[in-house]
Amino acid sequence: MRMLLIHSDYLEYEVKDKALKNPEPISDEQRKGRLDEVLAVFMSVEKVDESNPDEVVEKAVKEIKDVASQVKAEKIFVYPFAHLSSELAKPDVALKILQKIEEKLKEEGFEVKRAPFGYYKAFKLSCKGHPLAELSRTIVPSGEAVS
Ligand SMILES: C[C@@H](O)[C@H](N)C(=O)N[C@H]1[C@@H](O)[C@H](n2cnc3c(N)ncnc32)O[C@@H]1CO
C-alpha cells in the first residue's frame, strides 16, 4: 500500500462520474464531503497487499495514528486514490481494506470520513505547508518485498 498524507486546513470532494463499472453504492449525502483541520490520507491499495489484508490494515492504522499524533490531527480523511502505484489491488479487496482502516480509526477515537470508492471526484485541498505537512509511507505485508 502507498499512502500520501497531507495535513490540511480542509479537504472537500464532489463525486462526478463512475470510474468503475460497479462503484461503491453511495447515498446522495455521500456525493459531497468536507472536513476541516484534517489529515488527508490518499491511499493506493496494491496487489502485494492481497496476501495479508489484515496485516496491511493494522500497519496502515499504526502509521496514520503516528503521523496524526505528530501533527496533532484529530480528524482523518481516508481517500481512495489509484494513482500512487502501478500495481493496484483488485477493487473488491481494496475497498474492504479501506473500509477496515476507516472502522479501526473510528475505534481509536478519530473523526473519520472516507471518500467514495470507484468514482471520478473533484476535490479541493489546502495543505498547511509546515515541515510534516506532506509525508508518504509504503506498507507491505511481512515477508513481501517493497517494489
Ligand atoms: C479516478 C480518480 O479521480 C479517483 N481519485 C480514484 O482514484 N478513483 C479510484 C478509486 O476510488 C478506486 N480504486 C480502484 N482500485 C483501487 C485501489 N487499488 N486502491 C485505491 N483505490 C482504488 O476506483 C477508482 C478507479 O480506479
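Predicted model: local features only at pLDDT ≥ 70, side-chain atom pairs only at ≥ 80, totals over all residues.
**Stop 1: helix α1.** Select residues 53-71, which make up helix α1.

**Stop 2: the buried residues of α1.** Show the side chains of V57, I64 and V71, which are among the buried residues of this helix. What do the buried residues of α1 pack against? Colour β1 (2-18), β2 (32-44), β3 (75-80), α2 (91-107) and β6 (134-138), and you have the answer.

**Stop 3: from α1 to α2.** Side chains of opposite charge can pair when their charged atoms come close. Pick D54 and K100: their side chains form a salt bridge, 3.0 Å from N to O. D54 sits in helix α1 and K100 in helix α2, so this pair ties together parts 46 residues apart in sequence. D54 is partly exposed, at 45% relative accessible area, and K100 is partly exposed too, at 35%.

Next, pick E58 and K104, which meet in a salt bridge at 3.8 Å, N to O. Here E58 of helix α1 is linked to K104 of helix α2, again 46 residues apart.

**Stop 4: a network.** Select E24, E102, K106 and R114 together; salt bridges with shared partners join them into one network.

**Last stop: R34 and D36.** These two side chains meet in a salt bridge of 2.8 Å, N to O. R34 is partly exposed at 38%, and D36 is partly exposed at 32%.

Definitions and conventions: Residues numbered from 1 in each chain as written. Heavy atoms only, no water. Helix = DSSP H or I, 4+ residues; strand = E, 2+ residues; numbered from the N terminus. Expected span 1.5 Å × (residues − 1). Buried < 20%, exposed > 50% of the residue type's maximum accessible area, 1.4 Å probe, protein only. Contact = heavy atoms within 4.5 Å. Salt bridge = Lys/Arg side-chain N within 4 Å of Asp/Glu carboxyl O.
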